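Welcome, and thank you for taking a look at this structure with me. Let us go through it one part at a time.

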Amino acid sequence: MDLLRAIEIASSGLSAQRRRMDVIASNLTNMNTTRTPSGEPYRRRDVVMRSAEPEGGSFARVFQGEMERSARGVEVADVRESRAPFPKVYRPNHPDADESGYVRLPNVNMLEELGDLALTQRSYEAGLQVIAAAKTLLQKTLDTLR
Amino acid sequence: MRDKTEISAASARLSRAKPAGQGPSKSAASKAKAAPAAPRPAAGTPDANIAVGELLSELRRALGEGAKRMAGLFDDAASALRAVLDLSARRQGVIAANVANKDTPGYRAKDVDFASELRAAIDGGADRVTLSRTAQGHIAPAAGAATLDPAVVEREGAPFRPDGNTVDIDREMLSLGENAMAYNAALQLLAKKIALLRYAVGDGGNR
């Protein structure tokens, strides 16, 4: 059933975007975190997406996936930490300041995160629309034969 | 209609092979139901056994064909509509994949060449790859599984993005609506056809 497949693909997009939203939330929350278990300030994280391979499971499912190699869902392949340098500010009273009074802050840029957040939202909405469209088509198909 | 003649041809072959005195062969339709459970003719008549096997495989083929052509029950227009529904359902999947992969680096936006695929589907798809059974032991392909996926092409004129992704979300949303509209149109026409059939079956206007 191709329309169900469309819904499946779109929902893989939704979960990937949700995951991205989690990462953005984590970045924004840790905007001022100067100490992490590794000893350095929080590093900005970002998701890496890739086209999903046909999932395992029943033979029919894998076969279907191979037949429809063209239309693929998406998955989060990795969550990477940013290698960007930490900005330094002069705050001699800060508990994490070094000898010369500088504090290394997380390499999170709030504007960048908010931009990403808006994009994630749009992507999520687009996925929802695809699902709604497929659902309507399915419903109408069922109604035709009533 | 073709399926029915196939069935009756097969059952005629069986009744020929049957030993005399087993009663007249039933109608083709009741035969179709009874066939899987039909008692085998007396052992020791190899001809009859072959005929039953042949009948079964013929029946299976005819039934599979029948299911595949459910829309063909009506006429050519209905099977063309079926092709439209099929294609737009697949296109929906391709668009869904594009939207889902909106942020995948290196992903190339894809699309189904609707016009040429539809033409191929209506013309009977001479250039399409189909699964066929060349021996009795082969598994019968499921209805509708006989043709491979429609050719999926990469979208042209896609905007350039540094990460190599070519999905234009506005365009995808436009295609989504366009595709849904095509699907709806075909569906409505098919509904009319069914309504017409119902009207004929239901004693015209005297219901």
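Which pattern does chain B follow, read along the sequence? Chain B runs as α-α-α-α-β-α-β-α, which gives six helices and two strands. Here helices (H or I, at least four residues) and strands (E, at least two) are DSSP runs, numbered from the N terminus.

A word on the ground rules before we go further. This is a predicted model, in which local features need pLDDT of at least 70 and side-chain atom pairs count only at pLDDT 80 or more, while totals for chains, interfaces and linings use all residues. Residues are numbered from 1 along each chain as its sequence is written, chains are lettered from A and ligands numbered from 1 in the order in which they are written, and side-chain values use heavy atoms, with hydrogens and water left out.

Let us stay with chain B for a moment. Of its 207 residues, 35% are buried; buried means under 20% relative accessible area, exposed means over 50%, and partly exposed is in between (1.4 Å probe, protein chains only). A contact means heavy atoms within 4.5 Å. Among the contacts in chain B with a separation of 6 or more, 68% are between residues 24 or more positions apart.

Now look at where the two chains meet. Here 33 residues of chain A are in contact with 30 residues of chain B. The buried area between them is about 2,600 Å², with 65% of it given by carbon and sulfur atoms; this is the accessible area (1.4 Å probe) that two parts lose on being put together, summed over both. Eight residue pairs, both residues at pLDDT 80 or more, are in polar contact between chain B and chain A. A polar contact is a pair of N or O atoms within 3.5 Å; within protein, one must be able to donate a hydrogen and the other to accept it, and residues adjacent in sequence count only if both atoms are side-chain atoms. On the side of chain B that touches chain A, α4 and α6 of chain B each supply at least two residues. The largest share of that side, 10 residues, comes from α6(B).

What lies inside? The largest nonpolar core has 44 residues, and those with the most contacts inside it include A:Leu3, A:Val130, B:Leu85 and B:Tyr183. Such a core is a set of buried Ala, Val, Leu, Ile, Met, Phe, Trp, Tyr and Cys residues joined through side-chain atoms within 4.5 Å. Two or more residues each come from α1 (2-29), β1 (45-51), β2 (74-81) and α3 (110-144) of chain A, together with α4 (76-100), α5 (114-122) and α6 (169-201) of chain B. The most, 13 residues, are given by α4(B).

Next come the charged side chains. Side chains of opposite charge can pair when their charged atoms come close. The count is 19 salt bridges over all chains, a salt bridge being a side-chain nitrogen of Lys or Arg within 4 Å of a carboxyl oxygen of Asp or Glu. Across the interface of chain B and chain A there is one, where B:Asp103 and A:Arg20 meet at 3.1 Å, N to O.

Within chain A, A:Arg44, A:Asp46, A:Glu112, A:Glu113 and A:Asp116 are linked in a network of salt bridges. A:Asp46 and A:Arg44 have their closest N and O atoms 3.9 Å apart; A:Arg44 is buried at 9%, whereas A:Asp46 is partly exposed at 30%. Elsewhere, A:Arg122 pairs with A:Glu125 at 3.3 Å. Both of these lie in helix α3 of chain A, three residues apart, about one turn of the helix.

Back in chain B, B:Arg155 sits in the loop between β2 (152-154) and α6. Its relative accessible area is 11%, so B:Arg155 is buried. The side chain of B:Arg155 makes a polar contact of 2.7 Å with that of B:Glu172.

Finally, the structure holds one aromatic pair over all chains. The ring centres of A:Tyr90 and A:Tyr102 are 5.4 Å apart and their planes are at 65°, so the pair is edge-to-face. Rings of Phe, Tyr and Trp (its six-membered ring) pair if their centres lie within 6.5 Å; planes under 30 degrees apart count as stacked, over 60 as edge-to-face and the rest as tilted. A:Tyr90 is in strand β3 and A:Tyr102 in strand β4 of chain A, so the pair ties together parts that are 12 residues apart in sequence.
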